[in-house]
Amino acid sequence: MTIIFSLMSCVLFVLRRSLLCLTVVFVFSGVASSQLDSNYKLGAGDKIKILVFEEPDMSFELTVDNAGIISYPYLGEIKIKGKSTSELENELTKGLKGRVLVKPNIAVSVVEYRPFSIGGEVRNPGNYPFEPNLTLRKAINLAGGVTEWSNGKRFKIDREQKQDDDLLSLDSSVFPGDVVTVLPRGF
């Protein structure tokens, strides 16, 4: 009877642990799937989550500083500006493997994207939190709409990857860190 009870306890422990791991994976994959795409490059102001599976003391939420650097307690300062989350995962894995952990299993996701900025001929210029699927139309609405000096048809977006300003429309995408300027109507 004692052997059966011990065996059942072990089975229940394994099942609970497996269920917990699966729950963490599903919750974390939901966060990761909300990312813009796998080509998204991290930058100043992004808030990221570093999850080291089965090592809660090594998992952190960090904000990228203005220099594009994070300070990870086990590896020191790491320059991450311009890197994708998968590139950061690889760098962390290499840094921790052997020195701190035998076989690190790491996932990195963006918890909160860096804000975008909107100015020019809008009623409430400033920095606003980025939302996935953000368009110029939505960004202008967040900023209170255009002023009487704009017809809402001339825009400029400054971003790390140059874009042809002639191709912009109200349905053009706005990305984290973009600087949007609504231009006055042409006379």
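## Salt bridges, a buried glutamate and a nonpolar core

The structure contains seven salt bridges, a salt bridge being a side-chain nitrogen of Lys or Arg within 4 Å of a carboxyl oxygen of Asp or Glu. The model is predicted: local features need pLDDT of at least 70, side-chain atom pairs count only at pLDDT 80 or more, and totals for chains, interfaces and linings use all residues. Residues are numbered from 1 along each chain as its sequence is written, and side-chain values use heavy atoms, with hydrogens and water left out.

Three of these pairs, among the seven, are listed below.

| Salt bridge | N to O distance |
|---|---|
| Lys47 and Glu61 | 3.5 Å |
| Arg137 and Asp171 | 3.1 Å |
| Lys156 and Asp158 | 3.8 Å |

Lys47 in strand β1 and Glu61 in strand β2 (residues 60–63) stand 14 residues apart, and their pair links distant parts of the chain. Helices (H or I, at least four residues) and strands (E, at least two) are DSSP runs, numbered from the N terminus. Arg137 in helix α3 and Asp171 in the loop between β8 and β9 are 34 residues apart.

Accessibility is described in three classes: buried is under 20% relative accessible area, exposed over 50%, and partly exposed in between (1.4 Å probe, protein chains only). Asp171 is exposed because its relative accessible area is 52%, whereas Arg137, at 38%, is partly exposed.

Glu121 lies in the loop between β6 (116–120) and β7 (126–128). Glu121 is buried yet has no salt bridge, and the nearest side chain of opposite charge, Arg123, is 8.4 Å away; here Lys and Arg count as positive and Asp and Glu as negative, while His and the chain ends are not counted. The side chain of Glu121 does make a polar contact of 2.6 Å with the side chain of Thr147. A polar contact is a pair of N or O atoms within 3.5 Å; within protein, one must be able to donate a hydrogen and the other to accept it, and residues adjacent in sequence count only if both atoms are side-chain atoms.

The largest nonpolar core has 36 residues, and those with the most contacts inside it are Ile48, Ile50, Tyr72 and Ile118. Such a core is a set of buried Ala, Val, Leu, Ile, Met, Phe, Trp, Tyr and Cys residues joined through side-chain atoms within 4.5 Å. The elements giving two or more residues to this core include β1 (47–52), β3 (69–72) and α2 (85–96).
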